[in-house]
Amino acid sequence: MAETSTTVTPGQNLNPSEKIGLELVSRLDRGRDVVLAIDLTESVGLNDEGRIRLRQIVEDSLKPGDSVYVVPFARDVALGEVIPGVNPLGIPIQFTSKSKENIDKVLEKIPFVSDPNRYGADIQRAELSIYQSIAQINQNRLRQNQSIKPQSIVWVTDAPLLTQPGITSQVWVETPADSPFRIANSSESQRRQAWIKALPISKRSQSITTKDNKEYKLTVVDIAPTVQEFCTPAPGGQETCLVTRYLINQLWLPGLISLLIFVGFVFALIKFCRLQKKWELIVDFEVTANPEDQKCRLPNNKCIAIGEYDATCVDSIDTPGAEVRAYLERKGEKLYLMPTNLAPIYYSGREITSRTFISSSRFRINCPDGKRDYEIVIKVKK
(Lines give C-alpha, C1' and ligand atoms only; values in the text may rest on other atoms or scores of the structure.)
Protein backbone atom coordinates (compact mmCIF):
# COMPACT_ATOMS: atom_id res chain seq x y z
CA MET A 1 0.00 0.00 0.00
CA ALA A 2 2.87 2.37 0.80
CA GLU A 3 4.19 2.06 -2.74
CA THR A 4 0.87 2.84 -4.45
CA SER A 5 0.39 5.98 -2.32
CA THR A 6 3.70 7.53 -3.44
CA THR A 7 2.98 10.82 -5.23
CA VAL A 8 4.32 10.75 -8.76
CA THR A 9 6.82 13.31 -10.06
CA PRO A 10 7.93 13.90 -13.67
CA GLY A 11 10.45 11.25 -14.73
CA GLN A 12 13.01 10.72 -17.47
CA ASN A 13 12.25 10.95 -21.17
CA LEU A 14 11.03 7.68 -22.69
CA ASN A 15 12.90 6.27 -25.67
CA PRO A 16 10.99 5.40 -28.89
CA SER A 17 10.86 1.67 -28.16
CA GLU A 18 9.38 2.32 -24.69
CA LYS A 19 6.72 4.57 -26.21
CA ILE A 20 5.81 1.87 -28.73
CA GLY A 21 5.73 -0.72 -25.95
CA LEU A 22 3.39 1.41 -23.81
CA GLU A 23 1.14 1.97 -26.82
CA LEU A 24 0.95 -1.80 -27.32
CA VAL A 25 0.17 -2.36 -23.63
CA SER A 26 -2.67 0.19 -23.79
CA ARG A 27 -4.23 -1.75 -26.67
CA LEU A 28 -4.34 -4.98 -24.67
CA ASP A 29 -7.15 -3.62 -22.51
CA ARG A 30 -10.02 -1.45 -23.67
CA GLY A 31 -10.90 1.90 -22.20
CA ARG A 32 -9.48 5.35 -21.49
CA ASP A 33 -9.42 7.87 -18.67
CA VAL A 34 -11.71 10.76 -19.66
CA VAL A 35 -11.77 13.89 -17.48
CA LEU A 36 -14.57 16.43 -17.94
CA ALA A 37 -13.02 19.60 -16.48
CA ILE A 38 -15.79 22.20 -16.24
CA ASP A 39 -15.34 25.86 -15.28
CA LEU A 40 -18.08 26.73 -12.77
CA THR A 41 -17.61 30.52 -12.90
CA GLU A 42 -20.41 32.72 -14.21
CA SER A 43 -18.32 33.94 -17.14
CA VAL A 44 -18.72 30.53 -18.76
CA GLY A 45 -22.39 29.88 -17.98
CA LEU A 46 -23.02 26.94 -20.26
CA ASN A 47 -25.48 27.91 -22.99
CA ASP A 48 -27.57 25.56 -25.12
CA GLU A 49 -24.74 24.93 -27.60
CA GLY A 50 -22.32 24.08 -24.79
CA ARG A 51 -24.80 21.66 -23.26
CA ILE A 52 -25.43 20.05 -26.65
CA ARG A 53 -21.72 19.57 -27.26
CA LEU A 54 -21.12 18.10 -23.80
CA ARG A 55 -24.04 15.70 -24.28
CA GLN A 56 -22.64 14.81 -27.69
CA ILE A 57 -19.29 13.91 -26.13
CA VAL A 58 -20.94 11.75 -23.48
CA GLU A 59 -23.45 10.04 -25.78
CA ASP A 60 -21.29 9.57 -28.88
CA SER A 61 -17.62 9.68 -27.86
CA LEU A 62 -17.45 7.66 -24.64
CA LYS A 63 -16.67 3.99 -25.18
CA PRO A 64 -17.28 0.86 -23.09
CA GLY A 65 -14.37 0.49 -20.66
CA ASP A 66 -13.82 4.24 -20.19
CA SER A 67 -13.32 5.65 -16.69
CA VAL A 68 -14.99 9.07 -16.51
CA TYR A 69 -14.06 11.79 -13.99
CA VAL A 70 -16.19 14.94 -13.69
CA VAL A 71 -13.98 17.69 -12.25
CA PRO A 72 -15.56 21.14 -11.66
CA PHE A 73 -13.21 24.01 -10.86
CA ALA A 74 -13.04 27.73 -10.14
CA ARG A 75 -10.54 29.18 -7.61
CA ASP A 76 -9.98 25.56 -6.51
CA VAL A 77 -10.62 22.15 -8.00
CA ALA A 78 -13.77 20.60 -6.56
CA LEU A 79 -13.15 16.89 -6.03
CA GLY A 80 -15.14 14.26 -4.17
CA GLU A 81 -13.70 11.22 -2.39
CA VAL A 82 -9.96 11.68 -2.89
CA ILE A 83 -7.07 9.65 -1.49
CA PRO A 84 -3.82 11.40 -2.52
CA GLY A 85 -1.60 9.10 -4.56
CA VAL A 86 -4.36 6.48 -4.94
CA ASN A 87 -7.45 8.08 -6.52
CA PRO A 88 -6.39 11.75 -6.87
CA LEU A 89 -9.40 12.66 -9.04
CA GLY A 90 -11.92 10.79 -6.92
CA ILE A 91 -13.83 7.62 -7.76
CA PRO A 92 -14.54 7.44 -11.51
CA ILE A 93 -17.79 6.56 -13.23
CA GLN A 94 -17.20 3.23 -14.98
CA PHE A 95 -18.71 3.49 -18.45
CA THR A 96 -19.31 -0.23 -19.00
CA SER A 97 -21.64 0.08 -22.00
CA LYS A 98 -23.36 2.69 -24.17
CA SER A 99 -26.62 2.15 -22.31
CA LYS A 100 -28.98 4.95 -21.27
CA GLU A 101 -28.22 4.09 -17.64
CA ASN A 102 -24.47 4.65 -18.09
CA ILE A 103 -24.98 7.83 -20.12
CA ASP A 104 -27.34 9.23 -17.47
CA LYS A 105 -24.80 8.45 -14.71
CA VAL A 106 -22.30 10.76 -16.39
CA LEU A 107 -24.79 13.46 -17.35
CA GLU A 108 -26.10 13.62 -13.77
CA LYS A 109 -22.60 14.48 -12.53
CA ILE A 110 -22.07 17.31 -14.99
CA PRO A 111 -22.92 20.81 -13.68
CA PHE A 112 -24.81 22.25 -16.68
CA VAL A 113 -25.28 25.65 -14.99
CA SER A 114 -22.70 27.98 -13.48
CA ASP A 115 -22.40 28.55 -9.73
CA PRO A 116 -22.87 32.26 -8.83
CA ASN A 117 -20.85 31.68 -5.66
CA ARG A 118 -17.84 30.57 -7.71
CA TYR A 119 -15.57 33.21 -9.21
CA GLY A 120 -11.96 33.75 -10.20
CA ALA A 121 -11.02 30.65 -12.17
CA ASP A 122 -7.41 29.76 -11.28
CA ILE A 123 -6.83 27.89 -14.53
CA GLN A 124 -3.18 27.04 -13.94
CA ARG A 125 -4.05 25.54 -10.54
CA ALA A 126 -6.67 23.39 -12.27
CA GLU A 127 -4.13 22.34 -14.92
CA LEU A 128 -1.53 21.31 -12.34
CA SER A 129 -4.08 19.37 -10.30
CA ILE A 130 -5.53 17.51 -13.29
CA TYR A 131 -2.29 16.81 -15.19
CA GLN A 132 -0.48 15.53 -12.10
CA SER A 133 -3.52 13.46 -11.07
CA ILE A 134 -3.94 11.92 -14.52
CA ALA A 135 -0.24 10.97 -14.48
CA GLN A 136 -0.67 9.48 -10.99
CA ILE A 137 -3.48 7.19 -12.20
CA ASN A 138 -1.30 5.61 -14.90
CA GLN A 139 1.70 5.47 -12.57
CA ASN A 140 -0.37 3.49 -10.07
CA ARG A 141 -1.22 1.04 -12.86
CA LEU A 142 2.49 0.68 -13.66
CA ARG A 143 3.35 -0.10 -10.03
CA GLN A 144 0.47 -2.59 -9.79
CA ASN A 145 1.40 -4.18 -13.15
CA GLN A 146 -1.92 -3.24 -14.75
CA SER A 147 -2.52 -2.03 -18.30
CA ILE A 148 -2.03 1.71 -18.66
CA LYS A 149 -4.57 3.71 -20.66
CA PRO A 150 -4.70 6.65 -23.05
CA GLN A 151 -6.18 9.71 -21.39
CA SER A 152 -8.20 12.75 -22.42
CA ILE A 153 -9.24 15.94 -20.67
CA VAL A 154 -12.25 17.87 -21.97
CA TRP A 155 -11.86 21.48 -20.79
CA VAL A 156 -14.95 23.71 -20.79
CA THR A 157 -13.66 27.17 -19.91
CA ASP A 158 -13.05 30.67 -21.25
CA ALA A 159 -9.61 30.67 -19.61
CA PRO A 160 -6.50 30.17 -21.77
CA LEU A 161 -4.83 26.75 -21.53
CA LEU A 162 -1.17 25.70 -21.63
CA THR A 163 0.08 29.27 -21.10
CA GLN A 164 3.59 30.12 -19.90
CA PRO A 165 4.28 30.04 -16.12
CA GLY A 166 3.62 33.29 -14.25
CA ILE A 167 0.13 34.08 -15.57
CA THR A 168 -0.52 37.85 -15.51
CA SER A 169 -3.79 39.78 -15.54
CA GLN A 170 -3.15 40.64 -19.19
CA VAL A 171 -3.14 36.92 -19.97
CA TRP A 172 -6.00 35.97 -17.64
CA VAL A 173 -7.58 38.51 -15.35
CA GLU A 174 -9.50 36.03 -13.15
CA THR A 175 -6.43 34.41 -11.56
CA PRO A 176 -6.70 35.27 -7.84
CA ALA A 177 -4.28 37.94 -6.69
CA ASP A 178 -2.79 35.64 -4.04
CA SER A 179 -2.35 32.69 -6.40
CA PRO A 180 1.22 31.30 -6.50
CA PHE A 181 0.68 30.74 -10.22
CA ARG A 182 1.10 34.49 -10.83
CA ILE A 183 4.76 33.97 -9.91
CA ALA A 184 6.72 32.24 -12.69
CA ASN A 185 9.34 30.66 -10.43
CA SER A 186 7.02 29.51 -7.65
CA SER A 187 7.18 25.80 -6.91
CA GLU A 188 3.56 25.38 -8.09
CA SER A 189 4.25 27.14 -11.40
CA GLN A 190 7.38 25.07 -11.97
CA ARG A 191 5.57 21.79 -11.18
CA ARG A 192 2.78 22.66 -13.61
CA GLN A 193 5.29 23.48 -16.33
CA ALA A 194 7.19 20.25 -15.64
CA TRP A 195 4.02 18.20 -16.12
CA ILE A 196 3.10 19.99 -19.34
CA LYS A 197 6.56 19.06 -20.67
CA ALA A 198 6.46 15.50 -19.30
CA LEU A 199 3.10 14.48 -20.76
CA PRO A 200 2.64 13.83 -24.53
CA ILE A 201 -0.16 16.38 -24.96
CA SER A 202 -2.10 17.25 -28.11
CA LYS A 203 -4.88 19.88 -28.09
CA ARG A 204 -8.00 20.57 -30.18
CA SER A 205 -10.48 23.40 -29.50
CA GLN A 206 -14.00 24.44 -30.48
CA SER A 207 -15.14 28.04 -29.77
CA ILE A 208 -18.67 28.57 -28.44
CA THR A 209 -20.39 31.99 -28.35
CA THR A 210 -22.83 32.75 -25.52
CA LYS A 211 -26.06 34.78 -25.78
CA ASP A 212 -24.12 37.77 -24.37
CA ASN A 213 -21.77 37.56 -27.37
CA LYS A 214 -18.98 36.25 -25.17
CA GLU A 215 -16.84 33.30 -26.08
CA TYR A 216 -15.60 30.22 -24.27
CA LYS A 217 -13.98 27.08 -25.58
CA LEU A 218 -14.51 23.36 -25.42
CA THR A 219 -10.98 21.99 -25.68
CA VAL A 220 -9.96 18.34 -25.82
CA VAL A 221 -6.45 17.57 -24.60
CA ASP A 222 -5.40 14.03 -25.55
CA ILE A 223 -2.51 12.35 -23.74
CA ALA A 224 -0.87 9.31 -25.33
CA PRO A 225 -0.40 6.27 -23.06
CA THR A 226 2.57 7.13 -20.87
CA VAL A 227 4.18 6.64 -17.46
CA GLN A 228 7.08 8.26 -15.67
CA GLU A 229 10.39 6.40 -16.01
CA PHE A 230 12.95 6.32 -13.21
CA CYS A 231 16.24 4.51 -13.83
CA THR A 232 18.47 4.07 -10.78
CA PRO A 233 22.07 2.76 -10.56
CA ALA A 234 22.21 -0.68 -8.94
CA PRO A 235 25.09 -2.72 -7.47
CA GLY A 236 27.35 -4.58 -9.90
CA GLY A 237 27.46 -1.85 -12.53
CA GLN A 238 23.78 -2.37 -13.34
CA GLU A 239 20.80 -0.06 -13.64
CA THR A 240 17.21 -0.73 -12.61
CA CYS A 241 14.33 0.91 -14.51
CA LEU A 242 10.57 0.86 -14.04
CA VAL A 243 9.35 0.78 -17.63
CA THR A 244 11.59 -2.01 -18.98
CA ARG A 245 10.50 -4.48 -16.28
CA TYR A 246 6.87 -3.41 -16.67
CA LEU A 247 6.90 -3.92 -20.45
CA ILE A 248 8.46 -7.38 -20.08
CA ASN A 249 5.77 -8.38 -17.56
CA GLN A 250 2.98 -7.01 -19.73
CA LEU A 251 4.10 -8.11 -23.18
CA TRP A 252 5.86 -11.50 -22.85
CA LEU A 253 2.64 -13.55 -23.00
CA PRO A 254 0.92 -11.51 -25.78
CA GLY A 255 4.28 -11.52 -27.60
CA LEU A 256 4.55 -15.29 -27.34
CA ILE A 257 0.96 -15.74 -28.53
CA SER A 258 1.60 -13.34 -31.43
CA LEU A 259 4.77 -15.25 -32.35
CA LEU A 260 2.90 -18.57 -32.35
CA ILE A 261 0.13 -17.07 -34.47
CA PHE A 262 2.72 -15.66 -36.89
CA VAL A 263 4.57 -18.98 -37.13
CA GLY A 264 1.25 -20.76 -37.68
CA PHE A 265 0.34 -18.26 -40.37
CA VAL A 266 3.69 -18.76 -42.12
CA PHE A 267 3.28 -22.54 -42.06
CA ALA A 268 -0.30 -22.22 -43.31
CA LEU A 269 0.86 -19.92 -46.09
CA ILE A 270 3.63 -22.34 -47.10
CA LYS A 271 1.16 -25.23 -47.07
CA PHE A 272 -1.34 -23.23 -49.11
CA CYS A 273 1.33 -22.37 -51.69
CA ARG A 274 2.43 -26.01 -51.88
CA LEU A 275 -1.17 -27.12 -52.42
CA GLN A 276 -1.61 -24.57 -55.19
CA LYS A 277 1.50 -25.77 -56.99
CA LYS A 278 0.91 -28.30 -59.74
CA TRP A 279 3.01 -31.44 -59.55
CA GLU A 280 4.93 -32.57 -62.62
CA LEU A 281 4.78 -36.28 -63.47
CA ILE A 282 7.48 -37.51 -65.86
CA VAL A 283 6.40 -40.77 -67.51
CA ASP A 284 8.89 -43.22 -69.01
CA PHE A 285 7.35 -46.02 -71.10
CA GLU A 286 10.03 -48.69 -70.86
CA VAL A 287 8.74 -50.46 -73.99
CA THR A 288 9.95 -47.48 -76.03
CA ALA A 289 13.47 -46.29 -76.62
CA ASN A 290 12.76 -42.76 -75.36
CA PRO A 291 13.97 -42.07 -71.77
CA GLU A 292 11.09 -39.64 -71.30
CA ASP A 293 7.85 -40.11 -73.21
CA GLN A 294 5.29 -37.89 -71.48
CA LYS A 295 4.90 -35.06 -68.97
CA CYS A 296 1.72 -34.50 -67.00
CA ARG A 297 0.65 -31.68 -64.68
CA LEU A 298 -1.34 -32.71 -61.61
CA PRO A 299 -3.15 -30.06 -59.48
CA ASN A 300 -4.46 -30.76 -55.98
CA ASN A 301 -7.66 -32.84 -55.78
CA LYS A 302 -7.35 -33.86 -59.44
CA CYS A 303 -6.49 -37.18 -61.06
CA ILE A 304 -4.78 -38.68 -64.11
CA ALA A 305 -6.28 -41.69 -65.86
CA ILE A 306 -4.07 -44.71 -66.58
CA GLY A 307 -5.39 -46.32 -69.74
CA GLU A 308 -8.14 -44.82 -71.86
CA TYR A 309 -8.93 -41.08 -71.85
CA ASP A 310 -11.35 -39.93 -69.12
CA ALA A 311 -13.01 -36.51 -69.32
CA THR A 312 -13.10 -36.20 -65.53
CA CYS A 313 -9.27 -36.24 -65.35
CA VAL A 314 -6.74 -33.55 -66.22
CA ASP A 315 -4.66 -35.97 -68.36
CA SER A 316 -4.22 -39.63 -69.20
CA ILE A 317 -1.34 -42.10 -69.55
CA ASP A 318 -1.92 -44.47 -72.46
CA THR A 319 -1.68 -48.23 -71.79
CA PRO A 320 -2.81 -51.33 -73.74
CA GLY A 321 -6.53 -51.99 -73.72
CA ALA A 322 -9.69 -49.96 -74.16
CA GLU A 323 -10.42 -49.34 -70.50
CA VAL A 324 -9.20 -47.15 -67.63
CA ARG A 325 -7.12 -49.41 -65.43
CA ALA A 326 -6.60 -46.95 -62.57
CA TYR A 327 -6.39 -43.35 -61.53
CA LEU A 328 -3.48 -41.42 -60.03
CA GLU A 329 -5.22 -39.11 -57.55
CA ARG A 330 -3.59 -36.26 -55.65
CA LYS A 331 -4.96 -35.37 -52.22
CA GLY A 332 -2.95 -32.51 -50.71
CA GLU A 333 0.62 -33.74 -50.37
CA LYS A 334 -0.26 -37.41 -50.98
CA LEU A 335 -0.59 -39.47 -54.16
CA TYR A 336 -2.84 -42.50 -54.47
CA LEU A 337 -3.27 -45.25 -57.04
CA MET A 338 -6.94 -46.18 -57.37
CA PRO A 339 -7.61 -49.29 -59.52
CA THR A 340 -10.87 -49.69 -61.44
CA ASN A 341 -10.42 -53.51 -61.47
CA LEU A 342 -11.40 -53.52 -65.15
CA ALA A 343 -7.91 -54.75 -66.03
CA PRO A 344 -4.93 -55.79 -63.88
CA ILE A 345 -2.38 -53.23 -62.69
CA TYR A 346 0.72 -53.88 -60.61
CA TYR A 347 2.62 -51.57 -58.28
CA SER A 348 5.93 -52.60 -56.69
CA GLY A 349 5.54 -56.14 -58.01
CA ARG A 350 2.06 -56.82 -56.63
CA GLU A 351 -1.39 -56.48 -58.13
CA ILE A 352 -3.39 -53.56 -56.79
CA THR A 353 -7.10 -54.10 -56.11
CA SER A 354 -7.85 -51.21 -53.73
CA ARG A 355 -6.82 -47.59 -53.19
CA THR A 356 -3.09 -47.56 -52.42
CA PHE A 357 -0.86 -44.77 -51.10
CA ILE A 358 2.28 -44.17 -53.16
CA SER A 359 5.10 -43.21 -50.82
CA SER A 360 7.95 -42.83 -53.32
CA SER A 361 8.61 -39.94 -55.68
CA ARG A 362 9.75 -42.48 -58.30
CA PHE A 363 7.76 -45.65 -58.79
CA ARG A 364 7.06 -48.38 -61.31
CA ILE A 365 3.70 -49.75 -62.43
CA ASN A 366 2.94 -52.64 -64.77
CA CYS A 367 -0.12 -52.84 -67.03
CA PRO A 368 0.21 -56.28 -68.65
CA ASP A 369 -1.54 -57.01 -71.94
CA GLY A 370 -2.32 -60.71 -71.82
CA LYS A 371 0.96 -62.35 -70.86
CA ARG A 372 3.14 -59.46 -71.99
CA ASP A 373 4.33 -56.88 -69.41
CA TYR A 374 3.88 -53.18 -70.08
CA GLU A 375 5.97 -51.32 -67.51
CA ILE A 376 5.89 -47.60 -66.82
CA VAL A 377 8.25 -45.60 -64.58
CA ILE A 378 6.79 -42.39 -63.17
CA LYS A 379 8.84 -39.69 -61.43
CA VAL A 380 6.96 -37.08 -59.38
CA LYS A 381 8.33 -33.52 -59.05
CA LYS A 382 6.46 -31.63 -56.32
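Before looking anything up, I wrote down that a nonpolar core is a set of buried Ala, Val, Leu, Ile, Met, Phe, Trp, Tyr and Cys residues joined through side-chain atoms within 4.5 Å, and that buried means under 20% relative accessible area. I also noted that this is a predicted model.

Entry on the cores. I looked up the largest nonpolar core and found that it has 29 residues, of which Val35, Ile123, Tyr131, Ile153 and Trp155 touch the most other members. I then listed the elements that give two or more residues to this core, and they are β1 (33-39), β2, α4, β4, α5 (187-198) and β6. The largest share, eight residues, comes from α4.

Entry on the aromatic pairs. How many aromatic pairs does the structure hold? I counted five. One of them joins Phe73 and Trp155, whose ring centres are 5.7 Å apart with 80° between the planes, an edge-to-face pair. Because Phe73 lies in strand β2 (residues 66-73) and Trp155 in strand β4 (residues 151-157), this pair ties together parts that are 82 residues apart in sequence. Are these two residues buried or exposed? Phe73 has 0% relative accessibility and therefore counts as buried, and Trp155, with a relative accessible area of 0%, is buried as well.

I next looked at Tyr131 and Trp155, whose ring centres are 6.2 Å apart; their planes stand at 65°, so this pair is edge-to-face. Tyr131 belongs to helix α4 (residues 123-143) and Trp155 to strand β4, so that the pair links distant parts of the chain, 24 residues apart. Tyr131 is buried, and so is Trp155.

Entry on charges over rings. I found the charged end of Lys334 over the ring of Phe357, 5.8 Å from its centre, and Arg355 over the face of Tyr336, at 3.8 Å from the ring centre.

Entry on a loop. I looked up Asn213 in the loop between β5 (201-209) and β6 (215-223); with 68% relative accessibility, Asn213 counts as exposed.

Key
Residues are numbered from 1 along each chain as its sequence is written. This is a predicted model: local features need pLDDT of at least 70, side-chain atom pairs count only at pLDDT 80 or more; totals for chains, interfaces and linings use all residues. Side-chain values use heavy atoms; hydrogens and water are left out. Rings of Phe, Tyr and Trp (its six-membered ring) pair if their centres lie within 6.5 Å; planes under 30 degrees apart count as stacked, over 60 as edge-to-face and the rest as tilted. Helices (H or I, at least four residues) and strands (E, at least two) are DSSP runs, numbered from the N terminus. Buried means under 20% relative accessible area, exposed over 50%, partly exposed in between (1.4 Å probe, protein chains only). A charge sits over a ring if NZ of Lys or CZ of Arg is within 6 Å of the ring centre and within 35 degrees of the ring normal.
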